[in-house]
Amino acid sequence: MSSYSQFIVPTLAANAAIDDMYKLLLCWRYLRTRWIALASVISVTLGVATMIVVNAVMAGFSNEMQTRIHGILSDIIFESHSLSGFQDPQWHIDEIKRAAGDQIAGMTPTVAVPAMLNFQVRGQWVTRQVMFIGIDPNTHAQVSDFSRYLQHPANRQQLSFDLREGGYDTIDSQNPTETPTRPALEHAGWPHRRMRVNRERLWKERLDSKKSTENSAARSVDQQVDAVLAATSPDGNSSEISSETVDTNEKRTNPFQKARPNQGHVMDLTKEQFTGIVPGIGLASFRNRQGVDQFLSLPGDDVKITFPTAGTPPKAVSDNFTIVDFYESKMSEYDSNFVFVPIDALQRMRGMIDPQTGIPSVNSIQIRLKPGAQLNEVRDRLRDVFPADLYAIATWKDKQGPLLSAVDMEMAVLNILLFLIIAVAGFGILAIFFMIVVEKTRDIGILKALGARSSGIAGIFLGYGLFLGLVGAGAGLVLGVGITQNINQIRQAVEWCTGSRVFDPSIYYFFQIPTIIDPVTISWIIVGAVTIAIGSSVLPAVRAARLHAVEALRHD
Amino acid sequence: MLETRQIYKQYQSGTTTLEVLRGVDFLLEQGGFLAVVGQSGSGKSTLLHVMGLLDAPDRGEVWLDGQRIDNLSVWEKDRLRNNSIGMVFQAYHLLPELTALENVLAPLLIRHGIFDWFSHKQEAQKEAEELLDRFGLSDRLHHRPRQLSGGEMQRVAIARALITKPRVLLADEPTGNLDEESGAGIIEALAELNRDNGLSIVLVTHDADIASQARGIVRLAAGTVDMMNHGATGSAA
């Protein structure tokens with residue numbers, strides 16, 4: 001019905017306007033001889049073109065954003081309210097399957113806790129507040145586009161939390177460019193780790209040798225003092241003091257030593273790694289003005305993460321981890337917040353595994369639906385099965401509701417404002433048509449004398465309005481689609497002319513202005529513009545129709 | 001054939017009321033050629049407009065071929081103007097956007113819808129060309145009005161009035177804007193139409209010489225018929 005009704009107004013007007021030959025002929029002649037009327041069409045054209053461009057770009061942005069958000073979040077998120085999570089994810093997965101299995105394509109359990117990430121940059125400790133997310137490397141790819149956003153080609157195929165030998169992308173795989181924007185990643189992986197560990201070892205040895213020189217100097221003084229003291233006190237403990245000093249040094253240069261999980265076993269950091277993590281790329285890098293990414297830390301580096309345990313009250317525990325890859329969704333909110341870790345490691349460290357039964361707990365289950373499945377219907381079905389006081393069940397749209405509705409509202413407001421431009425054009429048409437009616441008063445009298453009906457006279461002007469609307473909207477359509485399709489070239493041209501950046505990719509999630517041309521939107525814009533053009537010709541048309549034949553004929 | 005009975009018409013201009021027609025009885029017989037004469041403001045043109053259904057009388061009746069036409073619906077009046085009444089004006093009243101040929105075709109363009117038009121187009125165009133040819137305008141078919149002389153424009157206007165094969169032709173000072181020679185040509189053409197084709201004509205003029213070429217004369221004074229000179233087939237009641 002709505003698709004039908006949107007075309008009723010113009011069709012009726014078209015019928016009324018041009019069902020007689022003379023109206024068509026006169027409309028055409030007026031269109032050809034009254035160029036001033038075309039001036040009012042320019043504003044219709046510009047209005048339509050602007051609306052098409054703005055809608056296409058906004059739709060592009062919105063879609064890109066939704067894709068990214070959706071790429072990270074699965075379709076439906078099944079969560080517990082408590083940080084400790086719920087026990088036995090497998091039982092929950094089975095229950096979810098029973099409730100809505102026909103619409104579900106995949107599920108994976110996750111554990112998410114707020115945490116603190118510490119890493120060393122040039123000897124200084126950097127601290128970041130993060131969301132620490134335990135994922136199952138085998139099933140996580142089934143529910144989200146997570147793996148697509150990794151920097152190692154092999155990890156994009158199958159995520160592994162083991163550090164790779166090398167081969168990290170130096171060119172952004174999501175936006176391939178000619179020149180590498182991430183030269184630093186070339187040596188990332190084991191080569192970087194070995195280099196770093198060896199460097200630290202050398203540094204430590206140098207420090208140690210310096211210390212030992214100082215110590216030996218001190219010792220020789222001590223020995224002398226000892227010798228003096230030994231004469232007075234026989235229970236000297238100079239060697240113990242010395243060994244403690246060494247211990248202190250050891251602690252300072254290797255902060256991970258004490259917290260290492262398998263104490264007693266001395267790790268060879270050039271051959272072994274801690275538990276692998278995949279932090280968001282924004283946590284460890286920034287983009288400089290030249291568009292090259294500078295890394296504070298690389299795959300192969302070790303970091304320290306502090307997070308709460310599952311008990312009540314939660315206690316803070318910390319452990320060492322090795323960066324094995326970076327995650328880049330291009331949603332800066334996520335890229336600078338998320339750190340992924342194998343779920344079993346996180347469960348173990350947080351004490352989420354029941355020591356008696358060995359059954360783990362999880363925070364949430366991510367659910368991906370089959371294509372075409374009804375998002376809200378599945379959510380409601382699950383809400384019926386699982387009590388709301390224990391579980392929070394939300395779709396990805398619910399989660400990002402405020403953001404998405406903000407974009408929708410922006411679009412609505414912009415459309416209203418832009419439509420006002422076309423409405424202003426309507427007033428232009430109104431004024432110009434009134435002038436034309438006055439100018440053509442005698443012709444209107446002639447037509448009446450020749451037997452034209454009043455409705456026919458009105459039809460000429462309505463038809464004229466229709467033509468102007470169609471010409472304006474048609475030109476606007478061509479212009480708008482043309483601009484939309486070449487918007488990135490136009491942007492480059494503008495940047496080249498003005499020398500300033502119009503669109504800075506580093507602050508957006510994407511590298512080109514995304515556009516989506518939606519035929520339904522475009523047809524609404526055109527119908528709206530044509531309706532306004534016809535609408536503004538109604539008053540002049542009625543005035544023309546009401547002219548008295550004799551008075552019109554006498555008009556000079 | 002064309003008859004008016006006790007036509008009254010007044011115009012209101014601010015607080016003053018101007019009585020233009022005060023009980024005009026007028027009769028044109030089939031095939032008649034009547035000249036309506038009178039001074040400026042005597043109501044000649046108003047009478048013609050009332051007869052041509054461009055204006056409605058305040059009182060009185062207009063009859064055409066035994067049918068009362070002043071009380072018809074607006075649409076019926078439009079149809080009659082288009083089919084049965086041809087009008088020629090002092091100021092030619094051609095449509096400036098259209099060529100001579102298109103101006104002549106205008107009444108038929110008004111009559112026919114788009115699809116209807118295409119089935120009539122060739123025939124109509126041929127007729128229009130013949131009419132223009134008859135008035136010596138065969139080389140002016142595609143000229144715009146502003147490219148034509150006054151006499152030529154008036155001939156185009158007459159051709160336009162004739163294309164519908166009207167029952168009656170109403171001419172309002174058709175020579176008023178023309179020089180003597182062109183004016184004589186126009187009157188000659190009208191007389192010929194009346195003589196050869198039996199077309200009923202009402203000619204409004206203030207020129208006694210021109211009026212004398214009609215078959216009968218009706219003089220209007222102060223809104224009433226002052227004098228009737230019965231022609232061979234025309235009469236004034």
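This is a short tour of a predicted model, one selection at a time.

Residues are numbered from 1 along each chain as its sequence is written, while chains are lettered from A and ligands numbered from 1 in the order in which they are written. In this predicted model, local features need pLDDT of at least 70 and side-chain atom pairs count only at pLDDT 80 or more, but totals for chains, interfaces and linings use all residues.

**Chain A.** Select chain A and show its secondary structure: 20 helices and 13 strands. Helices (H or I, at least four residues) and strands (E, at least two) are DSSP runs, numbered from the N terminus. Of the 556 residues of chain A, 38% are buried, where buried means that 20 or more other C-beta atoms, placed from the backbone, lie within 10 Å of the residue's own.

**Two helices.** Now select residues 454–485 of chain A, helix α17, and residues 519–546, helix α19. Their axes come within 7 Å and cross at roughly 150°; axes are lines fitted to C-alpha atoms over the stretch in contact, with angles from 0 to 180 degrees between N-to-C directions. α17(A) and α19(A) are therefore roughly antiparallel, a term for angles over 145 degrees.

**The cores.** A nonpolar core is a set of buried Ala, Val, Leu, Ile, Met, Phe, Trp, Tyr and Cys residues joined through C-beta atoms within 7 Å. In the largest one, of 125 residues, V48(A), A529(A), L47(B), V104(B), A159(B) and V202(B) touch the most other members. Helix α19 of chain A gives this core its largest share, 11 residues. Another core, of 69 residues, lies apart from it; select A100(A), L185(A), I367(A) and W396(A), which are among its members.

**Around L47(B).** Next, centre on L47(B). Beyond its neighbours within four places in sequence, L47(B) is in contact with I7(B), L21(B), V24(B), F26(B), V36(B) and L220(B); contact means C-beta atoms, placed from the backbone, within 7 Å.

**A sheet in chain B.** Show the strands β2-β1-β4-β5 of chain B, which form in that order an open sheet with antiparallel pairing. Two strands pair if DSSP finds at least two bridges between them. At the edges are β2 (16–28) and β5 (67–68). Strand β4 (residues 59–64) is joined to β5(B) by two bridges, and L64(B) stands opposite Q67(B). Helix α1 (residues 44–51) of chain B packs on this sheet, touching β1 (2–13), β2 and β4.

**Between the chains.** Finally, select the contact, with 21 residues from chain A and 22 residues from chain B. On the side of chain A, α3 (21–33), α16 (441–449) and α20 (549–554) each supply at least two residues. The largest share of that side, eight residues, comes from α3(A).

Definitions and conventions: Buried ≥ 20, exposed ≤ 12 C-beta atoms within 10 Å, placed from the backbone. Contact = placed C-beta atoms within 7 Å. Parallel < 35°, antiparallel > 145°, perpendicular 65-115°, else oblique.
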